[in-house]
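Me: I've got a protein open on my screen. Can we walk through it together?

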Amino acid sequence: MRAIVAGIPGAGKTTVLNEVIKKAGIEVINYGDVMFEMAKKEGIKDRDGMRKLPYEKQRELQRKAAEEIAKKDNVIVDTHCTIKTPYGYLPGLPYDVLQILKPERIILIEADVEEILQRRKKDEEIRQRDKESKEEMEEHQLMNRIAGMSYAVLTNATLKIVKNRQGKVEEAAEEIIKALGLS
């Protein structure tokens, strides 16, 4: 089984997935890390720099990363449904990438925008992100829902939305474990 777990930066994806790993022992692969390893060969110095690459280059990296990840079974792919770029929203999982990955489950991790703002503020020193207003974050989460359902239609996967409420990481992890049929 291959599952996609996505959320906007600051929604708590990685934190929740770390809890899923502890409880269920399933492998998690970060799509961006796979892409970044490939992008470093192109002279990119940090992950956030990938978003500023020309669209065609971003797409090439997406396909190559998908081919690498698709070699694994029984894995969760930690990624983004949409990536906000200077050119607009880039589908995190375009059709050709979905056809390579063939996910059975798609799970969106969402959080209240106030909580996301607090989380982003805490990691300002380790991540350089474009500033987003509350309205832009709400739009970004909506775009993820639209993209996530589209991805589910294209792959016959299920779509689950999990709320990551402050201090409730274990509950969110349990909901994901249940949705993956691992409980």
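This is a predicted model: local features need pLDDT of at least 70, side-chain atom pairs count only at pLDDT 80 or more; totals for chains, interfaces and linings use all residues.

Me: Is R119 buried or exposed?

Reply: R119 counts as buried, because its relative accessibility is 18% and the cut-off for buried is under 20%.

Me: New topic. Where is P91?

Reply: P91 sits in strand β5, residues 88-91. It is partly exposed, with a relative accessible area of 35%.

Me: Let's go inside. Which residues touch the most other members of the largest nonpolar core?

Reply: Y31, I69, L93, L101 and Y151 do. That core has 29 residues.

Me: Which elements give two or more residues to this core?

Reply: The strands are β1 (2-6), β3 (75-79) and β6 (105-110). The helices are α2 (31-40), α3 (55-69), α4 (95-101) and α6 (134-155). The largest share, six residues, comes from α2.

Me: Pick I69. What does it touch?

Reply: I69 touches R2, I29, Y31, V34, V77 and L101. Residues up to four places away in sequence are not counted.

Me: What about a second core?

Reply: There is a second, separate core of 21 residues. Among them are I26, I76, A111 and V113.

Me: Zoom out. How many helices and strands are there?

Reply: Seven helices and seven strands. From the N terminus on, the elements run β-α-β-α-α-β-β-β-α-β-α-α-β-α.

Me: Why would you call the overall shape compact?

Reply: A compact globule of 183 residues would have a radius of gyration near 16 Å. The protein has 15 Å, so the value agrees. Its C-alpha trace spans about 40 × 35 × 30 Å along the principal axes.

Me: How much of the protein is buried?

Reply: Buried residues make up 46% of the 183 residues.

Me: Last one: charges. How many positive and negative side chains are there?

Reply: There are 33 positive and 32 negative side chains. The centres of the two sets lie 2 Å apart.

Technical notes: Residues are numbered from 1 along each chain as its sequence is written. Side-chain values use heavy atoms; hydrogens and water are left out. A nonpolar core is a set of buried Ala, Val, Leu, Ile, Met, Phe, Trp, Tyr and Cys residues joined through side-chain atoms within 4.5 Å. Buried means under 20% relative accessible area, exposed over 50%, partly exposed in between (1.4 Å probe, protein chains only). Helices (H or I, at least four residues) and strands (E, at least two) are DSSP runs, numbered from the N terminus. Contact means heavy atoms within 4.5 Å. The radius of gyration is taken over C-alpha atoms; the globule rule is 2.2 Å times the number of residues to the power 0.38. Lys and Arg count as positive and Asp and Glu as negative; His and the chain ends are not counted. The place of a charge is taken as NZ of Lys, CZ of Arg, CG of Asp or CD of Glu.
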